[in-house]
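Student: I have a model open and want to learn to read it. Where do we begin?

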Amino acid sequence: MQAVKHILVISDTHRQFLYLNRLKETISRPDYIIHLGDVARDQDYISALFGCPVDMVAGNNDLFTDLPSEFTIREGRHVIFLTHGHGYSVSSGTERLVRRARELGADTAMFGHTHCPLIDIRDNIMVVNPGSISQPRQQGRTPTYVMLRVLKDGEIDCRVHEVII
């Protein structure tokens, strides 16, 4: 089914833009970007680079920012909870994150912080982490991101992608 909206989901850029710039050269322009924290005051740069709206949450390294620590959005038929994840101890598991998503009426929870990509279903909540585009920590240490497609029927399709180097 054809997508009506393409959303780039990234996290943990930490002021390092080599792979983000490379990504810009290799993908179509997204309609919208979600940044899941540790953006290090580079909101304007990221927005200008892709020429589209960007929503961001504050990460544990985003000190002295007015970015929110979490919020929800609606895409298609889904309510998506956005947070960096450090406040939910995601390095030890996603149980608290899933519980908070459920409290907020969300069916999807997106987070960063661990620098490791993940798409999984936990207690009927889709849990998504795009990994890190600048400091990956998973085996192979390949920079990753998620492309979220909102389909015509209101469903969403999330997939982790590696940055083509």
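Tutor: Begin with contact, which means heavy atoms within 4.5 Å. Helices (H or I, at least four residues) and strands (E, at least two) are DSSP runs, numbered from the N terminus. This is a predicted model: local features need pLDDT of at least 70, side-chain atom pairs count only at pLDDT 80 or more, and totals for chains, interfaces and linings use all residues. Residues are numbered from 1 along each chain as its sequence is written, and side-chain values use heavy atoms, with hydrogens and water left out.

Student: Which residues of α1 meet α2?

Tutor: L20, N21 and K24 in α1 meet Y45, I46, L49 and F50 in α2.

Student: At what angle do the axes of α1 and α2 cross?

Tutor: Axes are lines fitted to C-alpha atoms, for helices over the stretch in contact; angles run from 0 to 180 degrees between N-to-C directions. Here α1 (residues 18–26) and α2 (residues 43–50) cross at roughly 20°, and their axes come within 10 Å. Therefore α1 is roughly parallel to α2. The cut-offs: under 35 degrees is roughly parallel, over 145 roughly antiparallel, 65 to 115 roughly perpendicular, and the rest oblique.

Student: What is the strand order in the open sheet?

Tutor: Two strands pair if DSSP finds at least two bridges between them. The five strands run β4-β5-β6-β8-β7, with mixed pairing. At the edges are β4 (70–75) and β7 (117–122), each pairing on one side only. On average, neighbouring strands are turned by 20° against each other, direction ignored.

Student: What packs on the sheet?

Tutor: Helix α3 (residues 95–103) does, touching β4, β5, β6, β7 and β8. Its direction makes about 120° with that of β8.

Student: How do β7 and β8 pair?

Tutor: In the antiparallel sense, over six bridges. L118 stands opposite N129 in β8.

Student: Is S132 buried or exposed?

Tutor: Buried means under 20% relative accessible area, exposed over 50%, partly exposed in between (1.4 Å probe, protein chains only). S132 counts as buried because its relative accessibility is 0%. S132 is in the loop between β8 and β9 (144–151).

Student: Which backbone atom does the side chain of S132 reach at 3.1 Å?

Tutor: The backbone nitrogen of S134. A polar atom of the S132 side chain also lies 2.8 Å from the backbone nitrogen of Q135. Further along the sequence, S132 touches S11, D12, H115, P143 and T144, not counting residues up to four places away.

Notes
A polar contact is a pair of N or O atoms within 3.5 Å; within protein, one must be able to donate a hydrogen and the other to accept it, and residues adjacent in sequence count only if both atoms are side-chain atoms.
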